[in-house]
Amino acid sequence: MKRRNLLKAGAVVGAGLVLPLERLVASAAATAGLAAFSVPLLVPPVLRPKTSTPDTDYYEMKIKPADVEIIPGTTTRVLTFNGSFPGPTLAVTQGRPVVVKQINELGEDVNVHLHGAFVAPEHDGYPTHLIPPGGSRDYRYPNQQRATTLWYHSHTHHKEAEQVYRGLAGFYVINDPGDPWLNLPSGAQDVPLLFRDIRIDDSNQLVYFPGDFRGRGTILVNGRPQPYFKVATRKYRLRLLNGSNDRGFKFSLSNGAKFYVIGSDGGYLPNNIPLSTIELFPAERLDVIVDFGGLPVGTRITLRNEFGEAAETQDVMRFDVDRVESDFTRIPDNGQLPQLPAIPTPTVTRDITLNFDLPNRRFLINGKPFDPNRVEFTVRKDKPELWRITNNDTQFGITHSMHIHLVQFRVVSRNGVPVAPIEAGWKDTVTVRAGETVLVNTTFTGFTGKYVFHCHLLDHSSNAMMAQIEVIP
Ligand SMILES: [Cu+2]
């Protein structure tokens, strides 16, 4: 159902475009030439601070094009942070601020948004706060929020979809100094995995069309197509991020093993949730533990995508058990993870509608395209709000989502039914399928100013499906 919705979404967005057939054929040929699970998984490098003071770490990144190896033996022109595809991982400590200087060597305007972060508006990567070519900007991140996996990416006005598609995204992990007490898998067993799709042509170059969901038939994990990952007989903590513009994933493991989900977008869940399948829509993260303990060396387990439309999008990556190791880590149990506070009583209710504007081939929030000069809602700081978000695209069955900057919110219900535990924790992005009404409880704290909220199918957000709030004291 959801897959069909997404397929339809792709079809609808592409309605105004003619997709050259030869490129579709070339796309299939390029990946058909490479056997699945023939390249090793790469883990993005962890960036070191350039300098540190007693209370702040200073990082620096250059945003620049680079030629990287996606298909073995060939190079593909992508956009990068520091030449890395995806960008280097920032691993920071909760409560310790960092400043990231972003230097624009792209030749076009760009900016950087830290997705899921609690930041002042001038450091949020507001769509029109741009770094001109040759310029730079310092982004200050206080890291005063729960330990979790965030990600940074381009948020350039009208251009975020193409810039993220071409590579401008990376992990940002906030570690809690108290985490070692949990005895979770760590070090080489704590692995960020960015899943996304691309369309690649017969000269191994990325092809971008807005809404080209069906043409993006090659799945990358951390920038490599359908990689294998050698694992030991022990537990691994996998930080899953869907970095696709439009594609949703429904993951399962070919041996029927469970994912022990311990966190969502904004922090830990109150208990591990064992699940055989987990869905991950664009921009969402899940923090999961997978246990390879006790499996015979030589065991191969495929990470499957049950939403995939063909073998190339169904087989995502493979875990190859290649050595025996002892394991003293554990899956946190009841009472070991922080409990969720009660959802506060809202003081105001807001209605948000999402719909495709067929005559103009664009996507609207409350019937309007994004206008940086218009404030959709003026909200009071520290007052709990209820957002009632309705996806009206039943005619085309288009899935949307809602990402609200600055906050981590709580999803209350979907079509009147309380959400499952996996969605009941801290979230910054929620899927809203066609015809659904999702209730979200959110409180804007800490900062005042303008922040955007938008669908995180980036081919929609960059095509007008965005609006803004202004937080006032
Ligand atoms: Cu959308």
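## Strand 27 and its partners

Strand 27 pairs with strand 29 (residues 426-427) in the antiparallel sense, over two bridges; strands are DSSP runs (E) of at least two residues, numbered from the N terminus, and two strands pair if DSSP finds at least two bridges between them. Within this pairing, K427 of strand 29 is the bridge partner of F409. This is a predicted model, in which local features need pLDDT of at least 70, side-chain atom pairs count only at pLDDT 80 or more, and totals for chains, interfaces and linings use all residues. Residues are numbered from 1 along each chain as its sequence is written, and side-chain values use heavy atoms, with hydrogens and water left out.

Strand 27 also runs antiparallel to strand 31 (residues 437-442), to which four bridges join it; here R410 stands opposite N441. The hairpin of strands 27 and 28 has two residues between the strands, and in it N415 takes a positive phi near 50°.

## Burial of strand 27

Of the six residues of strand 27 (residues 409-414), five are buried, that is, under 20% relative accessible area with a 1.4 Å probe, counting protein chains only.

## The largest pocket

The largest pocket has a volume of about 420 Å³. Lining it are 21 residues, of which N175, S186, G187, D190 and R239 are the closest to its centre. A pocket is an open set of points on a 1 Å grid over the protein atoms alone, where a 1.4 Å probe fits, with protein on both sides within 12 Å along at least five of seven lines; lining residues have an atom within 4 Å of a point. The volume is the space filled by probe spheres set on the points, which are joined across faces, edges and corners.

Strand 10 gives the largest share of the lining, three residues.

Key:
Buried means under 20% relative accessible area, exposed over 50%, partly exposed in between (1.4 Å probe, protein chains only).
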